[in-house]
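Subject: Structure handover and summary of findings

Dear colleague,

Please find below the structure that I am handing over to you.

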Amino acid sequence: MVKLDVVRSANSALVQSQPLVAVFFGGTGGIGSYTLRALATAEAQNGGKGVRAYVVGRKAESAERILSECRDICPEGQFKFVQAGDLSLIQVVDQVCAEILELEEKEGQDARIDYLMLSQGGSIFLPRKETKEGIDVTMSLMYYSRMRIIMRLLPLLLKSNLPPRVVSVYAAGMEAKLFPEDLSLRDLKHFSYSQARSHMVYMHTLFMEALAEQNASKVGLVHIFPGLVLGPAFSSPELPAWFRFMWRFVFVPLFGRFVTVPTEESGARMLSLASPRYAPQAATDGDIKKSEELATGTNGTPGSGVYALDSQCESSIKTKAYEKFNKDEMRKKVYDHTISAFEVAAQGGVFTE
Ligand SMILES: NC(=O)c1ccc[n+]([C@@H]2O[C@H](COP(=O)([O-])OP(=O)(O)OC[C@H]3O[C@@H](n4cnc5c(N)ncnc54)[C@H](OP(=O)(O)O)[C@@H]3O)[C@@H](O)[C@H]2O)c1
């Protein structure tokens, strides 16, 4: 377990290192907003060098609430809202990313992203439902849209002076069954929420590894299970009624305070993933001296650049789950499948693979 004082000193060192540019997809609520608040607080409390943060979401009212809170905490910071449509659509993702690229280009030499958080889409237990682009809504919000964002914003991440970081908040470590011939889970006999979650976790690891191998070796890529963090996601009307009932009247009163991660701690932990402990592969190559200070990556090596973490920010990769198949072949399969979904959606088609 990474102790909280280590988390806090990592955040203090981060904000003192240089001015930061951060982007929060899903920052209008829940864990994204707690992380944004942690950044504003770390900046204000530690004499940070400055921050420019973009918050992406659908609801302007929620955005205004969190942005004004951050401006109160850290008046020198720049906090901007980028309004998005439905991010389960790849074409919408592309429009939003184009807007962020344009906004940052106006900063001239300073244009970059140092920290990118992906936490859009809180609803779980939904039945399979396809977007007009042919991808299941939940799988798109929590996997496809996120990988598309990384690819689209990679030029800005590569301009960072820090080893930049991408943090995708979902369900790392929850690999179970995989249907390699039905990655999209189109066969309804294969589909359940937990099965979809398993696919999205495998696909996170394999796609991120493929990106790191190709052109993102200078970016630390993190997928984390945040633990149970109470927030709007658990009262969403999209959730099945039985879940909302059990959650509100049974789970939270009986077990809530024993098993949940406080929102302030959650935000601080997510921000601390920008620390050198989760460095990109290119920043650690051959550095055996530092291996004790580095988290273990998804390939079992300290500092490999792609990390699957538990709520305590420690590696949770289920190595044995990946031994059931040829990992190199599966990585290529997942990569090709995902790129093909992007190409079809970008051309206005319906993905059917
Ligand atoms: N909270 C937990 O205990 C927990 C535990 C395990 C895993 N997770 C995972 O962690 C991630 C973040 O969870 P959270 O609790 O922070 O979720 P949340 O509170 O529901 O926040 C989700 C964010 O995503 C945005 N969003 C949702 N649907 C969207 C859509 N179709 N298009 C654009 N934006 C959309 C929302 O913005 P707008 O409302 O402005 O659209 C909101 O800012 C989720 O993937 C969740 O499954 C959470």
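This is a predicted model: local features need pLDDT of at least 70, side-chain atom pairs count only at pLDDT 80 or more; totals for chains, interfaces and linings use all residues.

Residues are numbered from 1 along each chain as its sequence is written, and side-chain values use heavy atoms, with hydrogens and water left out.

The ligand

The ligand is surrounded by 28 residues, where a residue is near a molecule or strand if one of its heavy atoms lies within 4 Å of it. The closest are T28, I31, R58, K59 and V229. By class, this shell has 13 nonpolar, eleven polar and four charged residues. In this classification Ala, Val, Leu, Ile, Met, Phe, Trp, Tyr, Cys and Pro are nonpolar, Asp, Glu, Lys and Arg are charged, and the others, Gly among them, are polar.

A nitrogen atom of the ligand is 3.0 Å from an N or O atom in the side chain of D86. A nitrogen atom of the ligand is also 3.0 Å from a polar backbone atom of L87. For R146, an N or O atom of the side chain is 3.0 Å from an oxygen atom of the ligand. Taken alone, the ligand exposes 890 Å², and the protein buries 90% of that. These accessible areas come from the Shrake-Rupley method with a 1.4 Å probe; for residues, only the protein chains shown count as cover.

The elements that give two or more residues to the shell are α2 (30-45) and α5 (137-157). The largest share, three residues, comes from α5. Helices (H or I, at least four residues) and strands (E, at least two) are DSSP runs, numbered from the N terminus.

Pocket and cavity

Rolling a probe the size of a water molecule over the atoms shows where empty space is left. On a 1 Å grid over the protein atoms alone, a cavity is a set of points where a 1.4 Å probe fits but cannot get out; a pocket is an open set with protein on both sides within 12 Å along at least five of seven lines; and lining residues have an atom within 4 Å of a point. Grid points are joined across faces, edges and corners, and a volume is the space filled by probe spheres set on the points.

The second largest pocket has a volume of about 420 Å³. Its lining consists of 22 residues, of which A274, S275, P276, R277 and Y278 lie nearest its centre. Two or more lining residues come from each of α1 (4-17) and α9 (281-284), and α1 gives the most, with six residues. The lining has 14 nonpolar, four polar and four charged residues.

A search of the whole structure finds one cavity of 30 Å³ or more. The largest cavity has a volume of about 50 Å³ and is lined by L14, L20, A22, L39, D114, Y115, L271 and A274. Seven of these lining residues are nonpolar, none is polar and one is charged.

Individual residues

Buried means under 20% relative accessible area, exposed over 50%, and partly exposed in between (1.4 Å probe, protein chains only).

E69 is found in helix α3 (residues 60-73) and counts as partly exposed because its relative accessibility is 30%. The C-alpha atoms of E69 and A40, 29 residues apart along the chain, are separated by 9.1 Å.

R331 belongs to helix α11 (residues 327-346) and counts as buried, since its relative accessibility is 11%. Its side chain makes a polar contact with the side chain of E213 (3.3 Å). A polar contact is a pair of N or O atoms within 3.5 Å; within protein, one must be able to donate a hydrogen and the other to accept it, and residues adjacent in sequence count only if both atoms are side-chain atoms.

Most residues other than glycine have a negative phi. L185, although not a glycine, has a positive phi of about 55 degrees. L185 lies in the loop between β5 (165-169) and α6 (193-214) and, at 0% relative accessibility, counts as buried.

Yours sincerely
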